[in-house]
Amino acid sequence: MFELVEPIATVTFSEVPNEAFLALGMRNYWDGYFAGRAAPLGLAPADVVHAVFYNFAAGEVARHIPWVWGKITPKEAIAVRERGSAAALRQLSGELADSPDLARIADLATRAAVSAPTEGRALYAGLRALDVPEEPVARLWHAATLLREHRGDGHNAALLAHGIGGTEAHVLLALSLGMRAQEFGRIHHLPEAQLTAVIDGLRGRGLVDAAGGFTDAGRETKERIEALTDELAAPAYAVLSAAELDELVAGLEPIAAAVTART
């Protein structure tokens with residue numbers, strides 16, 4: 001489900017929504033990212049957004065929050081994000097956006113997306129408080145976003161339970177992808193001394209070896225985190241019967257494939 005939901009939800013970080021935010025006075029991509037993604041939390045201060053998002057380096061959130069709220073309100077950001085994301089999904093999914101089956105798929109995804117428990121999942125709870133769009137493409141994007149952030153909140157809990165901080169999580173992800181941490185896009189921009197300190201901390205815990213790769217313990221820790229993340233994400237789909245879940249998977253597969261092929 002992660003592989004099917006993720007491409008649909010993350011159209012929100014693509015060019016069409018980005019251009020919409022820039023047109024409203026955002027200075028760069030990250031202004032729009034934080035305005036759109038943090039908007040369901042209201043006028044939360046940077047420290048709160050940093051805590052909820054979990055995996056940004058210290059100070060990154062504060063470069064954008066609360067500055068963006070001087071240009072746009074959370075309510076406006078939610079509307080801009082929804083319109084831009086629906087437009088992007090329609091564009092990227094091509095003729096599938098007009099399929100007579102799309103409304104059914106959006107309905108199934110929405111049933112799952114609004115059924116999961118909110119306890120301990122701040123960003124998911126914020127999204128659950130929003131109105132569900134009526135238009136099918138927008139509704140599908142909204143459902144995918146709910147499911148993504150529900151999973152993401154659970155992933156943060158899994159990381160926390162294993163003592164892995166936000167920047168450390170990016171190092172482990174880079175290594176799981178066969179990359180050196182210094183090459184990974186989300187953290188390669190960090191000052192060398194800062195990133196080195198993060199890697200050294202993981203090495204001191206026996207998770208990273210002398211060459212900067214996984215130890216057996218590091219790989220096992222990453223695998224346990226991913227398994228727990230999956231386990232914590234599963235309740236969202238319990239509301240669907242086995243047949244309905246199969247129908248949802250079959251409906252999402254071509255849409256996710258089309259979006260992935262065009263991004």
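Which residues form one aromatic cluster?

1. In this predicted model, one aromatic cluster is formed by Phe13, Tyr29, Trp30, Tyr33, Phe34, Phe53 and Phe56.

2. Phe34 and Phe56 make a tilted pair, with 5.0 Å from centre to centre and 55 degrees between the ring planes. This pair links distant parts of the chain, since Phe34 belongs to helix H3 (residues 29-38) while Phe56 sits in the loop between helix H4 (46-53) and helix H5 (74-93), 22 residues apart. Phe34 has a relative accessible area of 1% and is therefore buried, and Phe56, at 5% relative accessibility, counts as buried as well.

3. Phe56 also pairs with Phe53: the ring centres lie 6.2 Å apart and the planes stand at 45 degrees, so this pair is tilted. The angle falls between the cut-offs of 30 degrees for stacked and 60 for edge-to-face, which is why the pair takes that label. Phe53 and Phe56 are both buried.

4. Which charged residue lies over the face of Phe53? Arg37 does, at 4.3 Å from the ring centre, so that Phe53 has a tilted partner in Phe56 as well as Arg37 over its face.

5. A further arginine placed over a ring is Arg27, which lies over the face of Trp67 at 3.7 Å from the ring centre.

Notes
Residues are numbered from 1 along each chain as its sequence is written. This is a predicted model: local features need pLDDT of at least 70, side-chain atom pairs count only at pLDDT 80 or more; totals for chains, interfaces and linings use all residues. Side-chain values use heavy atoms; hydrogens and water are left out. Rings of Phe, Tyr and Trp (its six-membered ring) pair if their centres lie within 6.5 Å; planes under 30 degrees apart count as stacked, over 60 as edge-to-face and the rest as tilted. Helices (H or I, at least four residues) and strands (E, at least two) are DSSP runs, numbered from the N terminus. Buried means under 20% relative accessible area, exposed over 50%, partly exposed in between (1.4 Å probe, protein chains only). A charge sits over a ring if NZ of Lys or CZ of Arg is within 6 Å of the ring centre and within 35 degrees of the ring normal.
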